[in-house]
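Here is a short briefing on one protein model. Please look over the sequence and the structure first.

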Amino acid sequence: MDLPSAPRINPSILAADFVNMQRDLARIATADFVHVDVMDNHFVPNLTFGPQMVERIQQTSPIPLDVHLMITDPDEWAPGYAEIGAASVTFHLEAAADPIALARRLRDIGARAGVAVKPDTPVEGLYEVLDEFDQILVMTVEPGFGGQGFMSETMPKLRALTDEVRRRGSTVWLQVDGGISDSTIEQAAAAGADTFVAGSAVYGADDVEAAVTRLRDRARAASLES
């Protein structure tokens, strides 16, 4: 698979119409990945999709899947999502027993390995192992629900991570998820993010394709200015 260049816009289907999932997947065909939030009502207080639903999305989606696991025991469950065919599988650092072993397992299966951190989780512990991951997801809201407001207080952490990634010459992608919109994406891009999850900002727009293009353009402009 040819990887899309930054900035990447990954619409979250948590904001889609679940009754018309195939239609709403087709509406984001110009995006880079479809972001699929898997929640287990244990690690986070919400319940969304499981393996069967994700496999059907994989079979139907016109673009690759970026699966975000907000679940307990990803060491056991994450490889199954890679086996389904997800292009990228991200698990939470706070939930994994052995993050590096899990990342290597995901890569062995053929998926990109991502690790996510909650707003209050430090990222310094990842500095020495950046190359074990293909993507680091800095949550800009507390995980568990869509439609939350962007937490600008996470930007210093993202900037510090960006500086370390650049210092080490790492190729890891830096993703943000939560409250990304026309009014916040420039902040995140200026702080170094290159991959953006957007739910309501895409699916709440009158013209979904135009919303994807606008978000990508704003992120690119902010990145060039930073």
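**A buried aspartate, a central strand and a pocket**

Asp24 is buried, at a relative accessible area of 2%. Buried means under 20% relative accessible area, exposed over 50%, and partly exposed in between, with a 1.4 Å probe and protein chains only. The model is predicted: local features need pLDDT of at least 70, side-chain atom pairs count only at pLDDT 80 or more, and totals for chains, interfaces and linings use all residues. Residues are numbered from 1 along each chain as its sequence is written, and side-chain values use heavy atoms, with hydrogens and water left out.

**Asp24**

- Asp24 sits in helix α1 (residues 21-26). Helices (H or I, at least four residues) and strands (E, at least two) are DSSP runs, numbered from the N terminus.
- Leaving aside neighbours within four places in sequence, Asp24 is in contact with Ala16, Asp17 and Tyr203. Contact means heavy atoms within 4.5 Å.
- Ser61 is 37 residues from Asp24 along the chain, and their C-alpha atoms are separated by 9.4 Å.

**Strand β4**

- Strand β4 (residues 88-92) is mostly covered, with 5 of its 5 residues buried.
- Both faces of β4 are covered. Ser88, Thr90 and His92 lie on one side, Val89 and Phe91 on the other.
- Strand β3 (residues 65-70) runs parallel to β4, joined by 4 bridges. Two strands pair if DSSP finds at least two bridges between them.
- Val89 in β4 is the bridge partner of Val67.
- From β3 the chain crosses through helix α3 (residues 74-84) to β4, in a right-handed β-α-β crossover. Right-handed means that, with the strands pointing away from the viewer, the path from the first strand over the helix to the second runs clockwise.
- On to strand β5 (residues 112-117): 5 bridges join it to β4, and the two run parallel.
- Thr90 has Gly114 in β5 as its bridge partner.
- The chain crosses from β4 to β5 through helix α4 (residues 99-109), and this β-α-β crossover is right-handed.

**Largest pocket**

- The largest pocket has a volume of about 300 Å³. A pocket is an open set of points on a 1 Å grid over the protein atoms alone, where a 1.4 Å probe fits, with protein on both sides within 12 Å along at least five of seven lines. Grid points are joined across faces, edges and corners, and the volume is the space filled by probe spheres set on the points.
- Of its 24 lining residues, the closest to the centre are Gly146, Gly147, Asp177, Gly178 and Gly179. Lining residues have an atom within 4 Å of a point.
- β2 (34-39), β8 (195-198) and α7 (200-203) each supply at least two lining residues.
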